[in-house]
Amino acid sequence: QTDFYATVDQALFFANGGAVLGWLAPGGENLTGRLVKLDNAQAIADELYLSVLTRRPTAQESADVAQYLAGRAADKPVALQEMAWALITSAEFRFNH
């Protein structure tokens with residue numbers, strides 16, 4: 001087998017696991033807690049990508065973060081949780097971390 005597929009247990013854990021969702025809840029100095037305090041979309045993108053994927057975001061990724069946040073100004077903490085969750089469930093994170 002040359003392709004990697006998550007098991008059902010692994011997929012469900014990341015999709016619904018209370019532990020993962022708890023880690024992503026903004027609080028104190030955790031990642032989403034730090035992101036909530038930032039006002040600049042570029043700074044948010046940089047912190048998010050450096051913290052999760054240990055690399056800077058591309059110009060397109062930074063633009064995607066800014067666009068997503070612009071549409072979710074009323075619920076920024078939830079939007080930040082969703083973006084962090086998306087990155088930790090990405091193939092890049094799975095294969096590199």
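Guide: Happy to! Keep in mind that this is a predicted model. Let's start with the neighbours: the buried residues of α4 pack against α3 (31–36), α5 (59–70), α6 (76–88) and α7 (91–96). The residues of α4 that are buried are I44, A45, D46, L48, Y49, V52 and L53.

Now for the helix itself. Helix α4 covers residues 41–53, which makes 13 residues. At 1.5 Å a residue they should span 18 Å, and the end C-alpha atoms are 17 Å apart, so the two values agree. At the start of α4, N40 has a side-chain oxygen that comes within 2.7 Å of the backbone nitrogen of Q42. After the helix comes T54, with a positive phi near 55 degrees.

The largest nonpolar core has 17 residues, and L48, V52, V65 and L69 touch the most other members. The elements giving two or more residues to this core are α3, α4, α5 and α6. In soluble globular proteins, nonpolar side chains tend to be buried together. Leaving aside residues up to four places away in sequence, L69 touches I44, K76, A79, L80 and M83.

Finally, follow α4 past α6. Their axes come within 10 Å and cross at roughly 35 degrees, and the crossing is right-handed. On the α4 side, the contact is made by I44, L48, Y49, V52 and L53. On the α6 side, K76, L80, M83, A84, L87 and I88 take part.

Technical notes: Residues are numbered from 1 along each chain as its sequence is written. This is a predicted model: local features need pLDDT of at least 70, side-chain atom pairs count only at pLDDT 80 or more; totals for chains, interfaces and linings use all residues. Side-chain values use heavy atoms; hydrogens and water are left out. Helices (H or I, at least four residues) and strands (E, at least two) are DSSP runs, numbered from the N terminus. The expected span of a helix is 1.5 Å times one less than its number of residues. Buried means under 20% relative accessible area, exposed over 50%, partly exposed in between (1.4 Å probe, protein chains only). Contact means heavy atoms within 4.5 Å. A polar contact is a pair of N or O atoms within 3.5 Å; within protein, one must be able to donate a hydrogen and the other to accept it, and residues adjacent in sequence count only if both atoms are side-chain atoms. A nonpolar core is a set of buried Ala, Val, Leu, Ile, Met, Phe, Trp, Tyr and Cys residues joined through side-chain atoms within 4.5 Å. Axes are lines fitted to C-alpha atoms, for helices over the stretch in contact, and angles run from 0 to 180 degrees between N-to-C directions. A crossing is left-handed if the near helix is turned anticlockwise from the far one by less than a right angle, and right-handed if clockwise.
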